[in-house]
Each structure stands twice: as C-alpha cells, then as structure tokens.
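These are my notebook entries on a structure that I had not looked at before. I went through the ligand site and then some single residues, a helix, the cores and the backbone.

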Amino acid sequence: MIESRQVEPGILETINSPEDLKRLPESRLPELAEEIRRFLLQSVTKTGGHLASNLGTVELTLALHYVFDSPRDRLVWDTGHQAYAHKLLTGRREGFSRLRQLDGLSGFPSPKESAHDAFGTGHASTSIAAALGLNNADDSHWTIAVIGDGALTGGLALTGLNNSSLARKRFIVVLNDNGMSIDANVGTIARHLSNIKARPSPRWLNRALRGAISRVFGGESWFRRIYEKVKDSIFYFFIPRRSRGVLFEEMGLSYFGPYDGHNVISLVRLFKSLKRIDDEPLLVHMITQKGHGYAPAEDSPTQWHGISAGTPLRVEDDSIVVPADNERRSVKSYTEVFADTMIELAGKYPDIVAITAAMPSGTGLKKFGEVYPDRFYDVGISEEFAVTFACGLAHGGKRPVCAIYSTFMQRAFDQLLHDAALQELPVVFALDRGGIVGADGETHQGVFDLSYLRMIPNFTVMVPKDEEELRRMLLTALEHRSGPCAIRYPRESGLGVPMPKEIRPLEIGTWELLREGEQVAVLALGTMVPVALEAAKLLEKSGLNPAVVNARFVRPMDAGMLLSLAKRCRLLVTVEENVACGGFGSGVVEYLSQKMGDAMPRVRIIGLPDKFVEHGGNRELRERYGLSAIGVTAAVLCEQESAEQRLKIV
Ligand SMILES: Cc1ncc(C[n+]2csc(CCOP(=O)(O)OP(=O)(O)O)c2C)c(N)n1
C-alpha cells in the first residue's frame, strides 16, 4: 500500500523513454510500478487530474512499453484519461508539474504533444475504430487499443468489435476491466464481464487439467494427446457459455483471459507470448482495480476518478479526509441546482423521467436516482442511445429530461435533429458543462452547442444567467409540449442569488433588459451576463452608456426587443461563451440583415475564435479570449474608435 512519503530519486528518474525502460531487468518492474504510483499520487493531488483510473493501469502500461516498441507499435488509449503512466514513460515526467494547466501538459493523449500518442482521445469508445484504421494503413507493426469496460459500452466501441474482421496482422484489443465506469458500469456487457470474472476461465482450467494429466500419465502420453483433441468439447459442455468470453469470440476476436492486470512480470510474459500470434485479432482481458494501491481511491473510485488541484493526500493515520464537493462550497453549483430542481419537479409531475449516459454523479442525477429509482436511467456511454431512447419515452407520453455534457452531446447530433426535432418531441436536454470547462481542454470544451443547436428547426435553446433562472428554464422546458428544449449551463458554482420557493416559468422567446442605455447595447448569454454588466460600468467611465440584455433565449430570439434595440443603437455587441462561428451572434446578424438590410447597425460578435480551445483555468482562458469585462470594454471602445475614424474620413 502506498504511503505519502516523498519521492526519492529512484528508477523512474532514469526513465526518459521506452528504450530506457527496456534496459531494466524484468525483476525491477514491480519496484518501478510502486515508484510511478507514488509519483502520480503526489503529483496529481497537487495539480488535479484523473487519479483512480491511472493508478489502475500502471502495471499494464509498463508491460506494454516493455514488450512493444512505441512509437513504431501504436498504443491507442481509449478516452485517454488513464494514460498518465504512458506519458511518464515517454519522456514527459517534467511536464507533470503543469499537468492540465494553461500551456502545460495535456491530461489526454495528443499526437501534437508526442509521437508516442498514436491517436488523440478524450471522448470515449473511439480506440477500436481508430486502431483498426491505423492497422489497415500499416500492419507491419503492432496496433494495440486499450479500452476500459466503461468505454466498451459505447456504440462506437461495439461497432469496432463488429468490424474486427477488418483487422490485418498484429492487432490487439486490451480490455482494461475494473468493473467501473466513472460510476458503477451498467448494462449486459458489464454483466457478461462479471460472469467471466466470477467463474473459472477455460484457460485456467485447461492449464490445471493439462498439468494434472502430464504429471500422472506423462507429457507425451496417449491420454494427453486425446485430451488435447477433446478439450474444446469438454469446455463447451462444462463451462457455461456466458463465462467463456464468447461475446468476443463470436465477434471474431480470439479471447485471452482474464488475467491479473497488476502482476507486471506475468503481463510481460503474456504479451511476449501473444506477440507470436500475429495473424488473428486478439482480445486480452485484464482485471484491474480502479485506484489500485491507494486505499481511499480503491474504496471510493468515483470520488477519486477526477480530483481537483490541491486535494489533500491522506496519510497513514487516515486523519485527512477529502471534503466532499458540496462541503467545500457554500453556493450550490448549477449541476446541484439542476438535480435538486429535478427532484422537486418530479414530485409534482409523475411523468418526469431522467436519463444520463454514464454520468450519474457528474450530472447530479445520482441523487434523483436515489429518490426515484424507477424513473431514472443510466444507459452507459451511449449519448446517441440516450437521446433516441428519450424520444421514445416522450412519444409514449413521458416527460424525459436527458442530461448530457455539452461536449458529449456532439455525439448525438443526428438524434437531436432526426429523432427529437423533426418529430417535434418534447424532450428536455440539460447540457451541463456548457462553455469553457477548463483543465480537460480541447476535447471537452462545451463551446459548440449553441452553434449545433441553433441551426435545428423546432428547437428551443436557453442559457440561464444564474441558478435561479436555471430552475425557471427547467420548468419552462417541461411545460413546453411542442418540440425539444435545450438548457445549457456551465461547470461552475451559481452566483448565490436568492432562490424563491415558487418556480415561475418564462415566456418562450423573451429576453430581459437588465440595464437601460443608448447608442450601444450588449447582448449577453449565461456566464457573460455579469461580465457585460461589469463592462457597462467600465464603459460609463469612457462616457458611454450601454444597454445590457440577458439574451436568455438563443432560439427563438426576442425579435421585438432585438429590432427595437437595433433601431435605436449604432452598435450591438453580442457576448457568448461559444465559438463565434454559427453561434448566438451569428443568429443576431442573420436576423437583422434579413429584417433591416443596409439599415442594420454594426454588430460586433464576441465569442471564441475559430480554433480548438486549449486546457487551462476557466478564468485564464476567458481572459485570453476576451470573454472578460476588460475584453468586452476593449472591444466596444475599439468599435467606437473605428466608427469615429470612419466619420472623420467621410
Ligand atoms: C463520449 C463520452 N461520454 C462520456 C465520457 C465521460 N467519461 C470519461 S471516463 C468515463 C468512464 C470510462 O470508464 P472506463 O472506460 O471503464 O475507464 P476507467 O476510468 O474505469 O478506467 C466516462 C463516462 C467521455 N469521456 N466520453
């Protein structure tokens, strides 16, 4: 068991590449595994990051790098949140002090960061498809997809298995089975895997029987030869089908396992021997433990899946306990307010049901599931399924609320369009983690949703300015029966505004004028509303008096208010935490150019640039991209100046 003593210089310090690792004798690998574990604990608790999953893959990573030859052999880490040991062994140890920080090391594999990252990941279930592609492009070296049992529940992973016949030579899927997604894993595949684990494997039995026969009758005896001929039939009759890895075999992969994923020496031997089978796709089933080697993470893997910076490392006497998230903050997060409101409204409306795609804790719906177990669905990492399933529920008369992170909803674009909007089904989509999400970085930023939702007919799209408005929007969406509604809110604490007991719905398509003004109007969304109000105060000092609007309906927009502002202002500024391309500001320009033509005022769109936004702190990133009071003020003054210049020229 790991203790919290300081890392002493040891083997890890000498490993700067997989070649360095290969120079070590096999016998020293367990010691190195311990060092890596200690390093991860001390480093990740300081910077924040994914901890439990990484503690579980230390030995597996060591064995893979010891036996295979990265980057010529390609390791594809599914989701990529478990690849920290891989980063350590491929020359990135120094970078860990700035893990997930602005301009520091990414928390996920990225080919831009290292040639050892064979494929960029962050969203789950891509590894088998990507690895099959890499393998078809070049099978002269090995391609290895490492996928967790959670990621295996995703449709893309299952389609990957279904296409295993595409595999050429040298292809392996390593199934890293710890029985957990972020929360407990769900579904029939999870059950199948537990069945395999619960019963003796044919390989284990085979070894035992073969050994016994050889000992009694001799290795070359006729009895042994007969045994080799009939063994498959014996297993067929005596080992229950469901415990034979049959799912994988029937999908065309040769199944090996289950193996102890923490015995690094046997893993090295296993991979060495598997390298001899290079002409059929293999699936190697590892049993690992999430949080392995650190008792608090072993006991509460969900809590330790991802931790924030400065998480106290518990010492041997167990005296330091990590505070639960909600004990640390006095103001509730948007996620908590959403979950509490769901429970409250479900008490009044018996048809409300809640759906999550493998994120019961992350979306707050775990609480809802505890209160209303029969009205709660965790469908695994399958956002597409979650959306269409919700559509079916709505068609059948239920009031489904489907809570999915903004970034993961990208997976389900066609389902939003074809199944929800086209059929005008009243499904409520709660898009958590909308906007900048910070340390998870470019794969996880929720900055495309306003663009991908705004273009779909029949959709209502709302963005609350504070947590009280989120409550009102949830009720508004549930009462809206003619088409889907999306509410997008940030990964943040609320503003601590008063929360009246009674929830009042909003009138669809109405904005809120928060500050009267003239000449200039700032139309802001969600987190940008307080920013716009602050900018207005700064602009006052420059002699301007801008109006500020909470433009809470991105679709339908408040046409009346927009036109009236457009007629009396010479500059409209839109501010959104979304890519400028196709977002709210674009909608304003489209509308005004149609209605006013050349008479429309100048519109300045403040949003994120046409690029993927990197990892960093929310505040730092907002400042970097001008989504701050200073940024908005500067943009307005710049417009003002250029307007004056234009006037002078005329
Ligand atoms: C498309 C998508 N949906 C949801 C997530 C959030 N997510 C990140 S890791 C994870 C659990 C993965 O479980 P598993 O593959 O078993 O890995 P483990 O952490 O257990 O090692 C989930 C749901 C994601 N990254 N991508």
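**Ligand site.** An N or O atom in the side chain of His81 is 2.7 Å from an oxygen atom of the ligand. From Gly150 a backbone N or O atom lies 2.7 Å from a ligand oxygen. For Lys290, an N or O atom in the side chain is 2.9 Å from an oxygen atom of the ligand.

**Ground rules.** I number residues from 1 along each chain as its sequence is written, and I use heavy atoms for side-chain values, leaving out hydrogens and water. Because the model is predicted, local features need pLDDT of at least 70 and side-chain atom pairs count only at pLDDT 80 or more, while totals for chains, interfaces and linings use all residues.

**Confidence.** I checked pLDDT, the predictor's confidence in each residue, from 0 to 100. The chain average is 93, and 92% of the residues score at least 70. Residues 317–321 have a pLDDT below 50, and this stretch has 3 contacts in the model beyond near neighbours in sequence; I count a contact when heavy atoms are within 4.5 Å. Where pLDDT is low, the predicted coordinates should not be read in detail.

**Asn178.** Helices (H or I, at least four residues) and strands (E, at least two) are DSSP runs, which I number from the N terminus. Asn178 is in the loop between strand S4 (171–177) and helix H8 (188–198). Is Asn178 buried or exposed? I use buried for under 20% relative accessible area, exposed for over 50%, and partly exposed in between (1.4 Å probe, protein chains only). Asn178 has a relative accessible area of 17%, so I wrote it down as buried. Not counting residues up to four places away in sequence, Asn178 touches Asp149, Thr288, Gln289 and Lys290. A polar atom of the Asn178 side chain lies 2.9 Å from the backbone nitrogen of Met180. Thr57 is 121 residues from Asn178 along the chain, and their C-alpha atoms are separated by 9.8 Å.

I found His285 in strand S6. His285 has 0% relative accessibility and therefore counts as buried. The side chains of His285 and Tyr255 are joined by a polar contact of 2.7 Å. A polar contact is a pair of N or O atoms within 3.5 Å; within protein, one must be able to donate a hydrogen and the other to accept it, and residues adjacent in sequence count only if both atoms are side-chain atoms. Other contacts of His285, leaving aside neighbours within four places in sequence, include Leu175, Asp177, Gly257 and Pro258. Pro258 is in strand S5 (residues 254–260), and the peptide bond from Gly257 to Pro258 is cis, with omega near -5°.

**Helix H7.** Which residues of helix H7 (residues 155–162) are buried? They are Ala157, Gly160 and Leu161. These residues cover an arc of only 95° around the axis, so they are on the same side of H7; the arc is that of the directions from the helix axis to the C-beta atoms. Their cover includes helix H6 (127–137), strand S3 (143–148), helix H11 (246–250) and strand S6 (282–287).

**Cores.** I took a nonpolar core as a set of buried Ala, Val, Leu, Ile, Met, Phe, Trp, Tyr and Cys residues joined through side-chain atoms within 4.5 Å. The largest has 82 residues, of which Phe338, Phe429 and Trp511 touch the most other members. Another core lies apart from it and has 54 residues, among them Ile15, Leu32, Val67 and Tyr294.

**Positive phi.** Arg100 is not a glycine, yet has a positive phi of about 65°. Arg100 lies in the loop between helix H5 (84–89) and H6, and is buried at 12% relative accessibility. Asn458 has phi near 75° and is partly exposed, with a relative accessible area of 33%.
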